[in-house]
Amino acid sequence: MQRNIMLLGMILLSFSVFSQEDLDEVKITKKQKGIKKSYTLTANTSVITSKELLKAACCNLAESFETNPSIDVNFSDALTGTKQIKMLGLTSPYLMITEENIPSVRGASQAYGLSFTPGTWIESVQITKGAGSVINGYESISGQINTELLKPLNDVPFFLNAYGSTDARFELNTQFNKKLSDKWATSLFVHGNARVAKNDMNDDGFLDNPLGKQINVLNRYQYYNPESGLVSFINFRYMNDKKQTGEVAFDKDVDRGTTNHWGSEINTERFDVSTKIGYVFPDMPYQSIGFQNAFNSHKQESYYGLNLYDIKQNSFYSNLIFNSIINNTMHKFTTGLNFTYDQYQEFVNVNDYSRIDNSVGAFFEYTYDNTDNFSLILGGRVDNHNRLGFFVTPRLHMRYNPWKNGVVRFSAGRGKRSANIFAENQQLFASSRTFSILDTNGKIYGLNPEIAWNYGVSFSQKFRIFNKNAEAGFDFYRTDFQNQAVVDLMQSAQDVLFYNLKGSSFANSFQFEFNYELIHNLNLRTAYKYYDIQTDYLRGTFQRPLQAKHRFLGNLEYETQLNNGKQWKFDYTLNWSGKQQLPYTATNPTEDQFPDFSPSYAVMNAQVTRVFSPVFEVYVGGENIGNYKQKKAILGAEDPFGPNFDASIAYAPIFGQMYYAGLRFKIK
Amino acid sequence: MRNLILIAIMSVLGFTAQAQKKNKNLKYTTEVNGNCEQCKKRIEKAAYAVPGIKTANWDISSHQLTVILNEEKTSPKDLNAAIAKAGHDTKEIKATQTDYDNLHSCCKYDREL
């Protein structure tokens with residue numbers, strides 16, 4: 001009897017255990033957001049997920065920020081067809097751009113580097129506003145952008161993306177993935193794109209966007225062994241990109257080096273090898289060692305009319321990182337060593353600017369987190385560079401949650417870099433401007449290194465209005481240049497002057513952001529940005545040319561409920577740009593002058609995606625649907641070898657509306 | 001003489017006890033009673049306040065507190081005592097009624113009697 005009761009008891013108990021398990025089975029699946037903002041990270045970092053990347057027309061990293069408030073994307077200019085980005089009103093040379101934490105867009109690749117990473121390779125992008133971490137280097141001034149590529153161990157076996165647009169651009173992405181064993185996996189990514197037809201919508205005799213061909217291949221291997229704590233990545237990459245632009249009538253085989261027709265070719269070949277080894281101590285998950293090494297060779301051969309520009313950069317980068325704790329995980333630290341070697345062969349017409357740069361540095365970064373509402377990261381590094389000298393780089397980030405769903409952040413830091421004045425400003429070769437470097441005593445093209453301090457505060461708050469999620473926030477950042485390699489387009493339309501800053505130069509940026517879920521699955525994202533970027537030029541103090549003082553971004557996204565794997569997704573983006581200071585052109589005859597300021601304008605993009613199943617989806621969209629075009633794209637277009645020619649002043653889209661369609665196919 | 005032998009034996013024993021290596025990175029898991037995000041913060045804070053606790057994580061759904069501790073500085077018992085002192089019952093040591101009563105209302109978990 002007693003035994004029977006016990007048995008009954010056991011059965012009852014096991015039932016209750018079972019029912020508990022059933023309860024646990026109820027899963028709440030949270031929808032992935034396009035842009036994730038953390039309320040617990042110390043730095044002001046937002047993460048763009050692969051979902052957000054699918055919103056834009058395509059195609060490469062430079063084009064993936066169009067729906068992002070932190071980064072301003074300019075339309076692609078006529079000359080290069082690449083979109084330039086700005087953060088806090090400063091161009092990409094002032095950002096640290098890394099790929100899986102290895103500096104990627106720097107030196108020779110500064111102008112076009114972002115367009116050399118296809119969008120379909122990207123897993124996520126982390127954008128940090130302000131000073132940033134000291135771990136990867138001393139160069140970042142206004143922010144850091146880190147791209148994570150798809151990881152071989154959790155990628156799908158096969159992915160295909162095809163794209164075509166009315167501006168005659170075609171893209172094909174084929175991606176293969178294979179698990180070699182339970183610890184090894186490999187991916188092979190092949191990207192090709194081409195623009196095959198000549199477009200001249202504004203009938204000025206010049207192409208609105210360049211003809212181009214690119215082949216880009218990445219083969220990577222990942223090793224992961226959870227028992228031993230060893231992880232590793234090995235990457236091999238080859239890229240070849242060819243662009244041709246200029247007059248429609250230009251024939252590169254006949255007209256190169258002549259004044260028959262104005263034309264330009266930019267040919268780039270790049271090879272990368274990188275390795276990473278990481279070790280996590282098995283009984284101490286908070287302690288690890290990482291060792292990264294990267295070699296790359298970047299060769300650009302180009303001419304812009306009669307201006308010749310060739311640059312080749314061989315780089316080696318090495319970074320040894322040790323992570324651990326002091327007493328407990330409330331006090332963490334990261335320390336290590338960097339080594340960088342850059343060999344440049346650079347030729348501007350007949351001038352040889354070849355040089356070798358190298359630096360060694362040591363860094364230490366301390367992180368305090370009270371596990372509740374406050375954290376700080378205090379970092380510093382010392383570097384010895386053959387041109388920049390011996391110097392210290394301090395950085396500080398703080399975060400405080402004063403109340404629920406609110407976060408206040410503060411950051412401050414110093415950055416120092418050598419400006420690659422020709423590589424960074426090479427669009428100016430497409431003009432009749434005379435290049436003059438007014439200083440001779442510095443170690444970088446005669447100029448001194450650029451040094452700037454950046455300070456920022458930000459606040460974000462999440463709340464509910466009418467029972468829907470809302471978020472509002474603002475931030476203010478200031479960059480103060482102690483020295484700058486000033487690029488002066490304010491003196492004369494026939495000159496570009498480079499000199500060390502005399503006087504003051506600063507960039508203030510203010511951003512207000514408001515996001516709201518209007519109705520279920522319909523999300524609105526808005527941002528207003530104010531920039532005040534002033535530099536003392538020889539002729540006086542001006543706003544930095546081609547920078548709008550006021551900008552507005554609006555983004556609406558709607559998606560239907562997922563039904564048997566089927567779904568519709570709609571996306572609409574509005575970018576409004578206020579008037580911009582234009583380079584000084586009053587030295588030209590009246591017909592070849594620009595006013596002091598450009599008009600304001602808006603660009604609208606929209607896209608519709610139809611998901612047929614987890615395997616197959618199709619998308620169509622339009623860019624610049626309002627068909628806004630810069631009225632006069634090129635000064636002196638009728639006499640491209642005359643004194644007034646300038647194809648570098650692009651403040652608005654040159655090409656009007658553009659429509660595209662594409663498909664994505666994957667095997668899971 | 002006998003005392004001397006005793007002392008000798010004791011000291012040898014003591015030495016062997018000393019020689020038994022104390023783990024500087026002992027992974028230890030215990031069950032701690034609590035309800036919410038606020039409890040999580042309090043429990044982890046109490047754990048970190050114990051010298052020798054290197055990392056602490058309390059899982060809200062499973063109620064498991066996982067730590068890595070340095071046995072040269074502390075012991076699982078010290079940890080349990082510190083958590084109980086903060087008002088949270090552990091599998092090993094229960095909190096006093098006063099400490100429990102001091103908890104915020106959202107953290108007043110159901111006590112096993």
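User: Which residues touch the most other members of the largest nonpolar core?

Analyst: Start with the general idea. In soluble globular proteins, nonpolar side chains tend to be buried together. Now the case here, in a predicted model. The largest nonpolar core has 51 residues. A:Ile421, A:Ala485, A:Val486 and A:Phe498 touch the most other members.

User: What does A:Phe498 touch, leaving out residues up to four places away in sequence?

Analyst: Its contacts are A:Ile421, A:Ile437, A:Leu438, A:Leu447, A:Ala485, A:Val486 and A:Val487. There is also a second, separate core of 36 residues. Among its members are A:Leu61, A:Val73, A:Leu95 and A:Ala507.

User: Now chain B. Where does UniProt place the feature "domain: HMA"?

Analyst: The unreviewed UniProt entry puts it at residues 25-91 of chain B. That span is 33% helix and 27% strand. Its end C-alpha atoms lie 22 Å apart.

User: How many Å should helix α2 of chain B span?

Analyst: Helix α2 (residues 37-48) has 12 residues, so at 1.5 Å a residue it should span 16 Å. Its end C-alpha atoms are 17 Å apart, which agrees.

User: Which residues of α2(B) are buried, and what covers them?

Analyst: The buried ones are B:Cys39, B:Lys40, B:Arg42, B:Ile43, B:Glu44, B:Ala46, B:Ala47 and B:Tyr48. Their cover includes β2 (53-58), β3 (64-69) and α3 (76-85) of chain B. It also includes β18 (328-348) of chain A.

Note on methods
Residues numbered from 1 in each chain as written. Chains lettered and ligands numbered in written order. Predicted model: local features only at pLDDT ≥ 70, side-chain atom pairs only at ≥ 80, totals over all residues. UniProt positions renumbered as here; feature names shortened; annotations may be inferred. Helix = DSSP H or I, 4+ residues; strand = E, 2+ residues; numbered from the N terminus. Expected span 1.5 Å × (residues − 1). Buried ≥ 20, exposed ≤ 12 C-beta atoms within 10 Å, placed from the backbone. Contact = placed C-beta atoms within 7 Å. Core = buried A, V, L, I, M, F, W, Y, C linked by C-beta atoms within 7 Å.
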